[in-house]
Amino acid sequence: PCPALPEGFDFTDPDLYQHRVPLPEFAACRRTAPVWWNAQRRGVAGFDDEGFWAVTRHADVREVSTRPEDFSARLNTSVIRFSEHIGRDEIEAQRLMMLNMDPPEHTRVRQIVQRGFTPRSVRALEAALRERAGAIAARARERGSGDFVADIACELPLQAIAELIGIPQDDRARIFDWSNKMIGYDDPELAITEEIGTEAAAELIAYAMNLAADRAKCPARDIVSRLVAAEGEGNLGSDEFGFFVLLLAVAGNETTRNAISHGMHAFLTHPDQWELYRRERPATAAEEIVRWATPVVSFQRTATRDTELSGTRIEAGQRVGLFYASANHDPEVFDTPEKFDITRDPNPHLGFGGGGPHFCLGKSLAVMEIDLVFHAIADALPDIQLAGEPRRLRSAWLNGIKELRVRYA
Ligand code: HEM
């Protein structure tokens, strides 16, 4: 028990996140019950409603993340539901995504897709994305005022994934539409974990499978061809590729969008930091934005055997929730964690995961996108101002902003 938390308290209750991330409650847990039994589970979709261990300290989140043999990712499946539209068993379908795989299966897929995320592949996108970021900021300037999320934060993450995979220009509008539907962007009340956008997910998978089949027959100079072209062990099958694109559309899209929206909100409410950013553009800013925002509040694992974590006994089959949002405010690791400090260095935050095999594949791409967007804003919209309170996503899993009214100049 954690004496500071009321009976029945639940870190996955989406209503808890309606106005804020429950940082004081995380702090209470870190101090008195760092591995805490969260008996009720309301808000994160899974295959049942049993409780789980809430892991709140930085060191423990890292430990679970780096012990995949004891804490399985395969035994959880909680990304997005879609299988009814593709005629597969839900859980089996989830396990076609690497996020829900364990080594050695995960190692095989990760080694293949990593080819698309080398520093060179990411750098190759920089010029195109810089130009896009500039155009996005210029368009917003013409508008004068509006919703920062729709006007600025949405587009670049989608363009980045489309560029990376080599989605033809003519198909992008459709891809963006499916991705937005999938993450429930059109619906203010729903979050990603609820049963929405399943048809869009199925359409996206079908599209990506077709693209893969085309390129396998007729390779081009793009990532798809490099991942699927030759038959055999070293490549993805076309359905594996389909699910990989689905994962990118979920994992690389709303995460980065929310980092950008929260980053802007943090700058607008910390004018000294915006002033500093405009003047010096410190290279450390993007990582602090991700720490501050922690777009992914938590992920889960399942214990594969009876084990122990910081003196707490965990039984085989029990689930653990890794609360990155809590780890990123752990005073054992961060001086003044409550301070938004874009010069923070070192900054060993866990916003991209706690290390280990599932560490965010798109981290360097995400950091580059955040840098490019804020450079473009500092150049084109230096006097941007807040014009209303942000409207938050109702979700215990994603720390999201749905709408952020601003004046651009
Ligand atoms: C995994 C966060 C951007 C692709 C993850 C994980 C987190 C995360 C927390 C899980 C780590 C774990 O379980 O240990 C973020 C944040 C982002 C971001 C906060 C933006 C600020 C991206 C982008 C892409 C991407 C841009 C790709 C275009 C992935 C993939 C995985 C992943 C494929 C699964 C890796 C695996 O299972 O091996 N991300 N991510 N992410 N991310 Fe990201």
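**A helix across a sheet, and a ligand shell**

Let's start with helix H2, which lies across strands E1, E2, E3, E5 (298–303) and E8 (319–323) and runs at about 125° to E8. Contact here asks for C-beta atoms, placed from the backbone, within 7 Å; the angle is taken between N-to-C directions on a scale from 0 to 180 degrees, with axes fitted to C-alpha atoms, for helices over the stretch in contact. Helices (H or I, at least four residues) and strands (E, at least two) are DSSP runs numbered from the N terminus.

Please keep in mind that this is a predicted model, where local features need pLDDT of at least 70, side-chain atom pairs count only at pLDDT 80 or more, and totals for chains, interfaces and linings use all residues. Residue numbers start from 1 along each chain as its sequence is written.

H2 spans residues 58–65 and is mostly covered, with six of its eight residues buried (20 or more other C-beta atoms within 10 Å of their own, all placed from the backbone). Those buried residues are His58, Asp60, Val61, Arg62, Val64 and Ser65.

The five strands under discussion form an open, mixed sheet in the order E1-E2-E8-E5-E3. Its edges are E1 (35–38) and E3 (71–72), each pairing on one side only; pairing requires at least two DSSP bridges. E1 and E2 (residues 52–55) are antiparallel over four bridges, and Asn38 has Phe52 in E2 as its bridge partner.

Now to the ligand: 30 residues surround it, the closest being Gly252, Thr255, Gly353, Cys360 and Gly362. A residue belongs here if its C-beta atom, placed from the backbone, lies within 6 Å of the molecule. Helices H12 (238–251), H13 (254–269) and H17 (363–380) each supply at least two residues of this shell.

Key. A residue is buried if 20 or more other C-beta atoms lie within 10 Å of its own, exposed if 12 or fewer, and partly exposed in between; C-beta atoms are placed from the backbone. Two residues are in contact if their C-beta atoms, placed from the backbone, lie within 7 Å.
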